[in-house]
Amino acid sequence: MTDPRHILVVAHARRADTVEAADRVISALRAAGATPVLAEDDRDELAEVLPRCADLAVLGVDVPLHEIELAIVLGGDGTILRAAEMVRSGTAPVLGINMGHVGFLAESERDDMDEAVARVIARDYRVEERLALSVRVKDASGQVIYSTWALNEATVEKASRERMLEVVMEIDGRPLSSFGCDGVVIATPTGSTAYNFSAGGPIIWPTVEAISVVPLSAHALFAKPLVVGPEAAVAIEVLARTHGTGILWCDGRRSHELPPGARVVVRRSAEPVRLARLHPPAFTERLVQKFHLPVTGWRGPAGEVTA
């Protein structure tokens with residue numbers, strides 16, 4: 001007798017194409033003898049439009065997290081980040097099938113969904129570990145008052161549109177610069193194509209272990225993006241002279257208010273995020289496809305690196 005296989009399906013019922021995709025994935029998993037599992041909110045929403053989903057297993061109720069083999073995510077990068085949050089305490093990798101627009105974290109597009117599910121069933125995938133961030137907030141006395149994590153980025157931002165945030169930036173316990181700004185983005189290589197990219201930060205290949213630090217609209221002579229080593233500790237302190245408060249955002253999903261005197265300390269997390277991969281790594285090709293980069297005129301033969 002083979003061990004039961006539990007596959008988490010992360011989707012919501014707000015879009016007709018996502019509902020159709022969830023129906024196909026759930027049917028394929030059941031036909032292969034695997035057990036589809038949903039988060040309770042997802043199950044309830046899908047059951048309203050797909051009544052046969054009402055009897056599906058619920059994560060944390062019927063199936064504990066440690067029994068989840070893999071998470072199949074139907075959506076864009078936001079949904080993939082939500083799934084990474086759901087499996088954070090387990091070992092299940094996340095496989096994204098892009099139902100959105102850019103979908104930089106996704107491994108497959110909607111047209112390849114059936115093949116992707118078949119390969120999951122056959123266990124024909126590899127697992128890639130991505131650097132994640134550990135994020136702690138300390139008050140003026142040094143007490144840790146909040147802790148979380150991030151796959152893409154941790155961002156210290158001004159909470160009020162009309163107020164500037166006054167901060168001091170530290171790397172490995174040494175002050176680097178102090179300035180007024182709209183905020184600071186601290187990103188992983190995975191997140192380098194997200195907010196970091198929009199803010200003018202560098203794109204970092206996923207195989208490079210590094211952390212990017214990008215000031216936002218800083219009033220300073222030295223406010224260029226930085227790339228620091230993966231073991232560096234980056235601290236952003238909201239100075240007491242700041243009028244109002246700041247706010248910490250992690251992956252655009254988790255937030256915490258930052259009063260004057262608060263310090264946000266970001267370093268590499270001991271727990272990486274696991275992504276399931278179906279295709280050989282070709283990050284250059286992914287950049288070209290997702291950003292529609294102009295490569296017309298390239299004369300190199302396919303698959304060969306030319307000097």
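The legends below describe close-up views of a predicted model. Local features are taken at pLDDT of at least 70 and side-chain atom pairs at pLDDT 80 or more, while totals for chains, interfaces and linings use all residues. Residues are numbered from 1 along each chain as its sequence is written, and side-chain values use heavy atoms, with hydrogens and water left out.

**View 1. Phe 104 and Phe 283 form a tilted aromatic pair.**
The structure holds four aromatic pairs. Rings of Phe, Tyr and Trp (its six-membered ring) are paired if their centres lie within 6.5 Å; planes under 30 degrees apart are stacked, those over 60 edge-to-face and the rest tilted. For Phe 104 and Phe 283 the centres are 6.1 Å apart and the planes make an angle of 55°. Phe 104 lies in the loop between strand S5 (94-98) and strand S6 (108-109), and Phe 283 in helix H6 (residues 283-291), so the pair ties together parts that are 179 residues apart in sequence. Helices (H or I, at least four residues) and strands (E, at least two) are DSSP runs, numbered from the N terminus. Both Phe 104 and Phe 283 are buried. Buried means under 20% relative accessible area, exposed over 50% and partly exposed in between, with a 1.4 Å probe and protein chains only.

**View 2. Phe 197 and Phe 291 form a stacked aromatic pair.**
The centres are 4.8 Å apart, with 15° between the planes. Phe 197 lies in helix H5 (residues 195-198) and Phe 291 in helix H6, so this pair ties together parts that are 94 residues apart in sequence. Phe 197 is partly exposed at 37% relative accessibility, and Phe 291 is partly exposed at 24%. One aromatic cluster is formed by Phe 104, Phe 197, Trp 205, Phe 283 and Phe 291.

**View 3. Arg 88 and Arg 254 lie over the ring of Trp 149.**
Arg 88 lies over the face of Trp 149, 4.3 Å from the ring centre. The charged end of Arg 254 sits over the ring of Trp 149 at 4.7 Å from its centre. A charge sits over a ring if NZ of Lys or CZ of Arg is within 6 Å of the ring centre and within 35 degrees of the ring normal.

**View 4. Strands S17 and S18 run antiparallel.**
Five bridges join S17 (residues 246-250) to S18 (residues 254-258); two strands pair if DSSP finds at least two bridges between them. Trp 249 stands opposite Ser 255 in S18. The hairpin of S17 and S18 has three residues between the strands, and there Asp 251 takes a positive phi near 60°. Asp 251 is buried, with a relative accessible area of 7%. Most residues other than glycine have a negative phi.

**View 5. Asp 172 has a positive phi of about 55°.**
Asp 172 is not a glycine. The residue is found in the loop between strand S11 (165-171) and strand S12 (174-181).

**View 6. Glu 128 and Arg 126 meet in a salt bridge.**
The N to O distance is 3.5 Å. A salt bridge is a side-chain nitrogen of Lys or Arg within 4 Å of a carboxyl oxygen of Asp or Glu, and the whole structure has 26 of them. Glu 128 is buried at 16% relative accessibility, whereas Arg 126 is partly exposed at 34%.

**View 7. Arg 274 and Glu 129 meet in a salt bridge.**
Their N to O distance is 3.6 Å. Arg 274 lies in strand S20 (residues 273-277) and Glu 129 in strand S7 (residues 126-130), so the pair ties together parts that are 145 residues apart in sequence. Arg 274 is partly exposed at 27% relative accessibility, and Glu 129 is exposed at 52%.

**View 8. Glu 231 forms a salt bridge with Arg 268.**
The closest N and O atoms are 3.0 Å apart. Glu 231 lies in the loop between strand S15 (226-228) and strand S16 (234-238) and Arg 268 in strand S19 (residues 263-268), so the pair ties together parts that are 37 residues apart in sequence. Glu 231 is exposed, with a relative accessible area of 60%, while Arg 268 is partly exposed at 27%. Elsewhere, salt bridges that share partners join Glu 107, Arg 126, Glu 128, Arg 130, Arg 277 and Arg 286 into one network.
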